[in-house]
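Try each task before you read its solution.

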Amino acid sequence: KQVATIQKLSFEIATEQDFTEQIQKADIVFFVGGKTVKLLDTLKHFPDLNHYLKGKIVAGESAGANILAKYCYSPNADKSLEGLGILPIRLIPHYQEKYKGKLDDVGKEFDLILLPEYQSRVFIQE
């Protein structure tokens, strides 16, 4: 029989000045949605981000998922972008038929993940 334990959880909103320290303390890192281009521009200030994320549970929604992919399509910006490459995939969030083919010209060696609204995908790194 497994016994559930109650743990104290704490949540922090990331800041640019404390970002790496916050990630080092965290067990789970969640990247919110928003504007993919803006999020990528900010995160590119942290070239060792992948190193800091090792061993963590990492999640993202919309733009937050886009930045994790090697290539992504941003419906907001209406263009394909190169993400941080933390996941070796091409990703189209909020997928609709009108976005079909938007990533056909990039990263054909990577799996294409199409995520319609309210769908998710879990990746486990071994």
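A residue is called buried under 20% relative accessible area, exposed over 50% and partly exposed in between, using a 1.4 Å probe and protein chains only. The model is predicted, so local features need pLDDT of at least 70 and side-chain atom pairs count only at pLDDT 80 or more, while totals for chains, interfaces and linings use all residues. Residues are numbered from 1 along each chain as its sequence is written, and side-chain values use heavy atoms, leaving out hydrogens and water.

**Exercise 1.** Find out whether Ser74 is buried or exposed, and what its side chain reaches.

*Solution.* Begin with the place: Ser74 belongs to strand S3 (residues 69-74), strands being DSSP runs of E with at least two residues, and helices runs of H or I with at least four, numbered from the N terminus. Next, its relative accessible area is 2%, so Ser74 is buried. Then follow the side chain, which reaches the backbone nitrogen of Ala77 at 3.1 Å.

**Exercise 2.** Work out how the rings of Phe19 and Phe46 are arranged, and which parts they tie together.

*Solution.* Rings of Phe, Tyr and Trp (its six-membered ring) pair if their centres lie within 6.5 Å; planes under 30 degrees apart are stacked, over 60 edge-to-face, and the rest tilted. The structure holds three aromatic pairs. In one of them, Phe19 and Phe46 are 4.8 Å centre to centre with 55 degrees between the planes, a tilted pair. Phe19 lies in helix H1 and Phe46 in the loop between helix H2 and helix H3, so the pair ties together parts 27 residues apart in sequence. Finally, check burial: Phe19 is buried at 8%, and Phe46 is buried at 15%.

Key
Polar contact = N/O pair within 3.5 Å; in protein donor to acceptor, adjacent residues only side chain to side chain.
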